[in-house]
Amino acid sequence: MDVTIIGCGYVGLVTGVCLAHTGHTVRGVEKDAKKLKMLLSGECPIFEPGLHDLLRETQQSGQITFTDNVKSAVKDAEVVYLCVGTPPKADGTVDMSFLEGAGKEVCDALAELNTEFLTTIVVKSTVPAGTNRKLHNFLKQQTKANVAVVSNPEFLKEGTAVADCLRPDRIVIGGESPEAFRMMRRLYDTLVEQEENFITMNWESAELTKYAANSMLAARISFMNEMTILCEHYGADVEDIRKGIGSDSRIGPAFLRAGCGYGGSCFPKDVAAMEHISKHAGYDNLFVNAIQTVNKNQKKRFVDKIQEKLGRPIKDATIAVWGLAFKADTDDIRESSAIDVITYLLERGASVKAHDYKGMDNMKQLFGDKVEWCADPVTAAAGADAVALCTDWPQYTTLPFRKISATMNMPIIFDGRNCLNRDVMRENGFQYYPIGRPPVEQHLRLKQRV
Ligand code: UGA
């Protein structure tokens with residue numbers, strides 16, 4: 001099918017490239033001259049594993065092309081994705097101006113072409129219930145184009161976006177035009193493995209499905225994070241509990257990993273939005289309030305534990321923070337737990353040395369010279385009184401721990417992601433404090449600070 005993507009940011013580009021890969025003819029519209037130049041020369045403006053190769057492949061085969069001209073891009077389009085920003089306004093409602101502006105530009109171009117065929121306009125943005133209906137009514141009033149708006153919430157994860165897009169668990173389409181539903185079913189034909197995974201509903205249900213999915217996932221994590229308090233009190237192991245409950249097919253194993261809190265550009269924002277849309281509906285959503293409170297506490301509890309177990313005053317201690325990105329395989333630090341952890345450490349008078357495999361430049365913009373930035377984790381740990389691991393980069397699990405232990409001022413590791421091996425920690429002489437799991441506490445080879 002002929003597809004146009006308006007806005008080649010993160011979601012737009014991943015969607016466009018994946019649709020091109022499945023055989024559709026895709027035209028991406030990008031108004032930012034710098035980004036467009038990069039795309040035209042085959043460069044990928046964002047870091048996402050697998051995306052660059054797929055972009056090059058689909059561009060070389062001619063399945064995807066890029067332009068800044070909406071009119072030429074929508075000429076043959078059957079489906080047009082609006083992948084533009086939908087930032088929240090100060091009062092918590094969504095700023096519709098980009099969506100309406102892009103939608104109107106598309107519809108005006110279609111009206112001029114005078115085609116009698118239906119064009120489906122797809123909104124992938126996470127937007128409050130009622131937004132797609134408003135956009136639909138706005139476009140119907142403002143233009144003569146024969147269009148139907150559908151909501152198609154995005155469920156892909158940063159770091160695995162290409163795989164998530166090519167092998168989705170389900171595809172949700174909200175709207176009220178049966179013809180548009182049929183077009184979307186045809187568009188996603190190669191991605192729909194079982195018919196029940198293609199789910200159609202009204203706009204509001206699709207919009208709320210997205211918030212419900214992210215809030216449910218955030219709730220699972222917060223539930224397990226709250227369990228770590230009980231585990232630490234009673235000497236239980238949260239990893240055993242994760243396996244014990246995750247093997248119940250009614251519960252399932254995903255998103256039950258405890259740690260020093262969730263972050264990213266989605267969970268914190270969407271759970272907060274649930275709180276807001278609940279208030280708007282006239283009630284206080286106790287459940288989403290609890291998810292947020294637990295997540296905030298979890299980050300603080302991590303630093304409280306560092307302070308308690310350090311064996312010396314935190315003021316004047318040096319802590320090496322390993323991991324700044326909100327999760328592994330991304331340079332994204334938005335709402336990352338490391339931000340709170342570093343802030344608390346600095347507030348309490350500690351010196352911070354930090355390392356990350358991709359997120360360091362972004363974090364530098366936040367903390368500047370308040371933090372010592374280290375090129376590798378071994379350098380960060382050298383001379384430190386403890387390591388606080390905040391992101392589960394797999395590289396951290398295979399470091400030369402014997403050397404690290406020997407060069408730290410005190411060999412103590414606080415594992416905020418439960419990703420290190422406790423036997424390796426013990427054998428290399430560390431005090432090891434995971435979250436919600438029994439610690440390794442052994443005689444410390446205490447060194448005198450010079
Ligand atoms: C999340 C959702 O997982 C996607 O389905 C959704 O499409 C996306 O938001 C979005 O709304 O755009 P993402 O934010 O990329 O994806 O990252 P996740 O892999 O979900 O991780 C979010 C946070 O939860 C990270 O800080 C991660 O460390 C944490 N997490 C995840 C845990 O603490 N425990 C877990 O078991 C899983």
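How far is an oxygen atom of the ligand from an N or O atom in the side chain of Lys210? The distance is 2.6 Å. This is a predicted model, where local features need pLDDT of at least 70, side-chain atom pairs count only at pLDDT 80 or more, and totals for chains, interfaces and linings use all residues. Residues are numbered from 1 along each chain as its sequence is written, and side-chain values use heavy atoms, with hydrogens and water left out.

**Around the ligand**

- There are 19 residues around the ligand, and Phe155, Leu156, Glu158, Lys210 and Asn214 come nearest; to be near, a residue needs one of its heavy atoms within 4 Å.

**H11 against H12**

- Helices here are DSSP runs (H or I, at least four residues), numbered from the N terminus.
- Helix H11 (residues 267-280) packs on H12 at about 145°, with the axes 9 Å apart; axes are lines fitted to C-alpha atoms over the stretch in contact, and angles run from 0 to 180 degrees between N-to-C directions.
- Their crossing is left-handed, meaning the near helix is turned anticlockwise from the far one by less than a right angle (clockwise would be right-handed).
- On the H11 side you'll find Val271, Ala272, Met274 and Glu275, which meet Val288, Asn289, Ile291 and Gln292 in H12; contact means heavy atoms within 4.5 Å.
- Sorted by class, that contact of H11 with H12 holds 5 nonpolar, 2 polar and 1 charged residues, with Ala, Val, Leu, Ile, Met, Phe, Trp, Tyr, Cys and Pro as nonpolar, Asp, Glu, Lys and Arg as charged, and the others, Gly among them, as polar.

**H12 against H13**

- H12 (residues 286-309) and H13 (residues 337-347) have axes that come within 9 Å and cross at roughly 45°.
- So H12 is oblique to H13, oblique being what's left after under 35 degrees (roughly parallel), over 145 (roughly antiparallel) and 65 to 115 (roughly perpendicular).
- H12 passes H13 in a right-handed crossing.
- Lys299, Lys300, Phe302 and Val303 of H12 touch Ser337, Asp340, Val341, Tyr344 and Leu345 of H13, and the contact splits into 5 nonpolar, 1 polar and 3 charged residues.

**H13 against H14**

- H13 and H14 (residues 360-367) pack at about 40°, their axes 12 Å apart, which makes H13 oblique to H14.
- The crossing of H13 past H14 is right-handed.
- H13 contributes Ala338, Ile339, Ile342, Thr343 and Leu346, while H14 brings Met363, Leu366 and Phe367.
- The class count for H13 with H14 is 7 nonpolar, 1 polar and no charged.

**Ends of H2**

- Where H2 (residues 33-40) starts, a side-chain oxygen of Asp32 comes within 3.0 Å of the backbone nitrogen of Lys34.
- Gly42 follows H2, with a positive phi near 80°.

Technical notes:
Helices (H or I, at least four residues) and strands (E, at least two) are DSSP runs, numbered from the N terminus. A polar contact is a pair of N or O atoms within 3.5 Å; within protein, one must be able to donate a hydrogen and the other to accept it, and residues adjacent in sequence count only if both atoms are side-chain atoms.
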